[in-house]
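Trainee: I've got a model open and I'd like to learn how to read its features one at a time. Can you walk me through it?

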Amino acid sequence: MAKSSKTAEKKVYKWELRLYIAGNTPKSVTALVNLKKYCEEHLKDEYKIEVIDLLKQPQLAAGDQILAVPTLVRKVPVPIRKIIGDLSNEEKVLVGLNIRPVKK
Amino acid sequence: MPLKVKQSITRLKQLPKTPTGIAGLDEITGGGLPNGRPSLVCGAAGSGKTLFSIEFIVRGAIEFGEPGVFMAFEEKAEELTTNVASLGFDLNKLQKDGLIKIDHVHIDRSEIEETGEYDLDGLFIRLGYAIDSIGAKRVVLDTIENLFSGLNNQAILRAELRRLFGWLKEKGVTAIITGERGQGTLTRQGLEEYVSDCVILLDHRVINQISTRLLRVVKYRGTVHGTNEYPFLIDEEGISVLPITSLTLDSDVSNQRVSSGIPALDKMLGGKGFFRGSSILVSGTAGTGKTSIAAYFAHATCMRKERCIYFAFEESPQQIMRNMRSIGVDLKADVDKGLLQMHASRPTLYGLEMHLVDIHKKIKRFKPKAVILDPITNLVTIGSVSEVKAMLIRLIDFLQVENITVLFTALSLNTIVNEQTDEGVSSLVDAWLLVRDIESNGERNRGMYIMKSRGMKHSNQVREFVITDAGLDLVDVYLGPEGVLTGSAREAQELNQVTGQLLRNHALTRKDLEIKRKRTVLEAKIASLQEEFESVQDELNKAYIEEDMRKEIMEKNRKQLTDSRHTKNAGNGKK
């Protein structure tokens with residue numbers, strides 16, 4: 001996969017992840033940090049993280065059926081999986097997202 | 001001044017309430033659900049919790065102008081819409097008009113993985129957004145216990161629930177939380193810990209194969225409420241709860257009198273009939289004409305252009321109409337004019353309480369001036385005697401408050417007049433007419449007694465009650481030497497009297513004739529005597545005349561003789 005450059009070409013990511021937070025609470029910050037860490041480690045360059053702040057866009061909560069915050073939604077690949085919590089348990093996150101851990 | 005302050009706080013603020021719009025519930029709770037606080041509605045599956053809550057929202061939007069949010073955790077929005085369409089609630093239209101908002105929260109356990117700490121802010125945000133988008137004042141969470149099946153971490157969940165209810169209170173919305181009945185607890189997950197301002201329990205009980213829905217206000221902080229179980233029914237208009245009837249006996253009474261339809265009966269009742277708003281019991285053994293009396297009363301009410309409802313528990317309306325036509329009462333015309341409504345249902349159709357609710361509803365809708373229940377004795381098939389009596393007391397109370405005259409017919413089981421008969425109703429009613437069979441001379445005739453009639457002078461005589469093609473009538477009974485005579489004995493007596501009269505007349509005429517004859521005879525006698533007298537007189541006259549004549553002739557003769565003597569002396573006869 002070619003690295004995405006600032007061109008008109010739209011890159012197709014293998015992993016599309018959406019993190020729903022409700023403002024910058026400690027849990028949300030932790031979750032984001034953890035998420036970035038895992039993605040960098042196991043999904044190098046194949047991922048796209050979108051952060052949605054429900055306080056700013058509350059109507060989006062209904063679309064993805066978000067109850068808990070923070071929630072990580074794996075949109076691509078299907079099926080949709082949701083992980084709730086601050087993502088501090090790495091193994092559970094990887095299992096939940098069905099990421100095969102890159103053996104280091 | 002301290003005194004002034006004291007006075008201002010003695011007018012304590014009552015708990016503000018939100019009316020639900022559900023018929024009868026607002027009366028039981030004294031105004032509705034507590035305003036701005038969450039209430040718990042719990043019950044077993046199928047007891048009507050979702051319906052209750054959706055009706056709360058819809059009526060709030062339509063009748064009270066308060067928009068509402070319905071968070072459905074179990075049903076999808078489309079399913080909900082179709083399910084309540086049968087009640088006449090168009091959820092789609094209401095959503096379009098911005099009066100209600102239905103949000104479906106889907107929790108799929110397989111989708112969720114819990115890692116680490118989280119809170120349910122997502123739910124709060126969704127709820128908050130929904131509430132703010134339409135300015136909702138009412139919220140329903142149905143049923144929040146689904147969260148427990150979706151999420152594992154009980155500690156977080158319970159903490160968040162506590163927070164949720166506090167948050168709802170802060171938002172100032174009146175919320176209904178529904179919960180499934182638990183074994184021994186009000187809800188399975190113990191929601192009653194958090195929602196404890198008002199708890200309503202819905203129940204669906206089957207007794208003797210009859211199912212009854214019951215509602216009970218288990219707890220209501222800050223209000224005096226009825227604590228009994230109230231029956232309710234769910235029909236095509238939603239939920240109707242049987243309201244508390246005024247158990248204080250202080251309703252207004254009227255002095256107006258209404259006719260019973262039978263003029264002779266009105267005469268027996270002080271000349272004018274029954275009091276309006278009173279209760280009348282017509283009892284008698286089978287076949288004594290109670291339904292006919294009831295039909296006459298109905299017809300009389302309709303003739304006065306007042307509405308009447310006839311509740312039949314034994315015969316169908318068509319049967320009653322046909323039977324009444326044979327005695328000259330046309331009930332069909334009244335039905336067509338819209339003055340008479342006939343409702344028939346077998347008592348075993350539903351429970352006693354449901355009948356009462358059903359009767360209430362029909363009366364409230366039609367607003368009649370008279371109601372007839374024919375017969376009430378069937379109701380013992382669905383309840384014990386004391387239950388039936390309790391139900392009738394409530395009904396009579398309700399009707400008295402509304403100033404509606406009610407007539408019950410009841411079957412007495414034997415021909416002996418019981419003092420306390422007919423399910424003890426005889427002491428409740430204001431007027432009691434008893435139709436009894438009088439058996440004599442090998443036939444049975446009907447006699448009507450007015451056992452009691454409160455507040456008016458009534459006849460204490462037994463009248464014979466006849467049913468003919470021309471209708472009902474009361475006839476005076478004959479008191480013959482053997483006692484009361486009815487039926488053919490009476491007719492025989494009447495005949496007797498008539499023949500007696502004829503005979504007397506005949507006798508008189510005969511005497512008359514005799515006298516006449518005597519008179520003629522005497523007159524003839526007198527005539528003959530008179531003739532005799534005249535003839536005797538004639539004879540006497542004749543004698544006189546003869547005498548006179550003789551005298552005259554003798555005189556003449558003498559004269560002649562004298563004359564002839566004179567003429568002889570003059571000459572010697574030779575000329």
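Trainee: How many salt bridges does a search of the whole structure find over all chains?

Mentor: The general idea: side chains of opposite charge can pair when their charged atoms come close. The cut-off here is a side-chain nitrogen of Lys or Arg within 4 Å of a carboxyl oxygen of Asp or Glu. Searching the whole structure that way gives 28 salt bridges over all chains. Keep in mind that this is a predicted model, where local features need pLDDT of at least 70, side-chain atom pairs count only at pLDDT 80 or more, and totals for chains, interfaces and linings use all residues. As for bookkeeping, residues are numbered from 1 along each chain as its sequence is written, chains are lettered from A and ligands numbered from 1 in the order in which they are written, and side-chain values use heavy atoms, with hydrogens and water left out.

Trainee: Where do B:R59 and B:E63 lie?

Mentor: Both are in helix α3 (residues 49-63) of chain B, four residues apart, about one turn of the helix. Helices (H or I, at least four residues) and strands (E, at least two) are DSSP runs, numbered from the N terminus. The side chains of B:R59 and B:E63 meet in a salt bridge at 3.0 Å, N to O. For burial, the scale is: buried under 20% relative accessible area, exposed over 50%, partly exposed in between (1.4 Å probe, protein chains only). B:R59 is buried at 16%, while B:E63 is partly exposed at 44%.

Trainee: What separates B:K362 and B:D358 in their helix?

Mentor: About one helical turn, because they are four residues apart in helix α13 (residues 352-366) of chain B. Another salt bridge joins the side chains of B:R304 and B:E306, at 3.6 Å, N to O. There, B:R304 is partly exposed at 28%, and B:E306 is buried at 13%.

Trainee: Which residues are linked in a network of salt bridges?

Mentor: B:R37, B:K169, B:D197 and B:R221.

Trainee: On to rings. How many aromatic pairs are there over all chains?

Mentor: A pair of aromatic rings is described by the distance of the centres and the angle of the planes. Rings of Phe, Tyr and Trp (its six-membered ring) pair if their centres lie within 6.5 Å; planes under 30 degrees apart count as stacked, over 60 as edge-to-face and the rest as tilted. The whole-structure search finds two such pairs over all chains. In one, B:F124 and B:W167 are edge-to-face, 5.3 Å centre to centre with 65° between the planes. This pair links distant parts of the chain: B:F124 is in helix α6 (residues 121-134) of chain B and B:W167 in helix α8 (residues 154-171) of chain B, 43 residues apart. B:F124 is buried, at 5% relative accessible area.

Trainee: And B:F274 with B:F297: what is the distance centre to centre?

Mentor: That's 6.2 Å, with 75° between the planes, so edge-to-face by the angle cut-off. B:F274 sits in strand β14 (residues 274-275) of chain B and B:F297 in helix α10 (residues 290-303) of chain B, 23 residues apart. Both count as buried, B:F274 at 2% and B:F297 at 1%.

Trainee: Which charged end sits over the ring of B:F124?

Mentor: The one of B:R163, 4.4 Å from the ring centre. The test asks for NZ of Lys or CZ of Arg within 6 Å of the ring centre and within 35 degrees of the ring normal. B:R257 does this over the ring of B:F275, 4.8 Å from its centre.

Trainee: Is B:G284 buried or exposed?

Mentor: Buried, at 0% relative accessibility. B:G284 is in strand β15 (residues 279-284) of chain B. B:G284 and B:A410 are 126 residues apart in sequence, yet 6.7 Å apart in space, C-alpha to C-alpha. Taking contact as heavy atoms within 4.5 Å, and leaving aside neighbours within four places in sequence, B:G284 is in contact with residues including B:K290, B:A410 and B:L434.
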